[in-house]
Amino acid sequence: SGSQICLSSSHDLLNWARNSSVISGRHHYWDELIGAGPPPLKTSEGWLLVYHGIALHFQSSNIYQAGVVLLDLRNPAKVLFRSKYNILEPRENYELIGQVPNVVFPSGAIVEEYDDNGFANSDSPVKIYYGAADTCIGLAESTISELIAMARNE
């Protein structure tokens, strides 16, 4: 977790060069500190990235949440849309109580259906696996179109 998610490139997968900043944390939002989640999902509307954000402005503890951003297919450093609100937050006891309380930390995503061009179908179910309170693993389900709508703040 840090203040930015950056785009990097490598010719050999051993040495990496930072190309540009993609998004930064937002002061007094749910995503003051941020970090990438699962690999971006290729959709016909852009790269859909689920990321985690940490709200630092609560007195009692930090709260880890998840949100989405839609990036341009040709230039993933270009943000098309970014969710104003989180898409997942700790609410259940297993997310609130554990080794690190108040955590949902997205780390894996499975898209069930792709078209012939390798794009995730808009009505395809998406399974998002996440760490909960650093004690167990949770599963959240949505669809590509629902996640894109959340990125667009619809």
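**View A. Contacts of valine 68.** In this predicted model, valine 68 touches Leu48, Leu49, Val50, Tyr51, Arg82, Ser83, Ile87, Leu147, Met150 and Ala151, leaving aside residues up to four places away in sequence.

**View B. The largest nonpolar core.** This core has 13 residues, and those that touch the most other members are Leu41, Leu48, Val68, Val111, Val126, Ile144 and Leu147. Two or more residues are given to the core by each of strand 5 (46-55), strand 6 (63-71), strand 9 (125-132) and helix 2. Helix 2 provides the largest share, four residues. Apart from this core lies another, of nine residues, including Val22, Tyr51, Val69 and Leu71. In soluble globular proteins, nonpolar side chains tend to be buried together.

View C. Helix 2 spans residues 144-151, and its buried residues are Ile144, Leu147, Ile148, Ala149 and Ala151. Of these, Ile144 and Leu147 are also among the core residues that touch the most other members, and both Leu147 and Ala151 are in contact with valine 68. Asparagine 153 follows helix 2 and has a positive phi, near 60°.

View D. Ile110, Tyr129, Ile137 and Leu139 make a nonpolar surface patch of about 380 Å². Isoleucine 110 is placed in strand 8, which covers residues 104-111. Isoleucine 110 counts as partly exposed because its relative accessibility is 43%, which falls between the limits of 20% for buried and 50% for exposed.

Conventions:
Residues are numbered from 1 along each chain as its sequence is written. This is a predicted model: local features need pLDDT of at least 70, side-chain atom pairs count only at pLDDT 80 or more; totals for chains, interfaces and linings use all residues. Side-chain values use heavy atoms; hydrogens and water are left out. Buried means under 20% relative accessible area, exposed over 50%, partly exposed in between (1.4 Å probe, protein chains only). A nonpolar core is a set of buried Ala, Val, Leu, Ile, Met, Phe, Trp, Tyr and Cys residues joined through side-chain atoms within 4.5 Å. Contact means heavy atoms within 4.5 Å. Patches are made of residues with over 30% relative accessible area and no salt bridge: like charges are joined within 9 Å, nonpolar side chains (Val, Leu, Ile, Met, Phe, Trp, Tyr) within 5 Å. Accessible areas come from the Shrake-Rupley method with a 1.4 Å probe; for residues, only the protein chains shown count as cover. A salt bridge is a side-chain nitrogen of Lys or Arg within 4 Å of a carboxyl oxygen of Asp or Glu.
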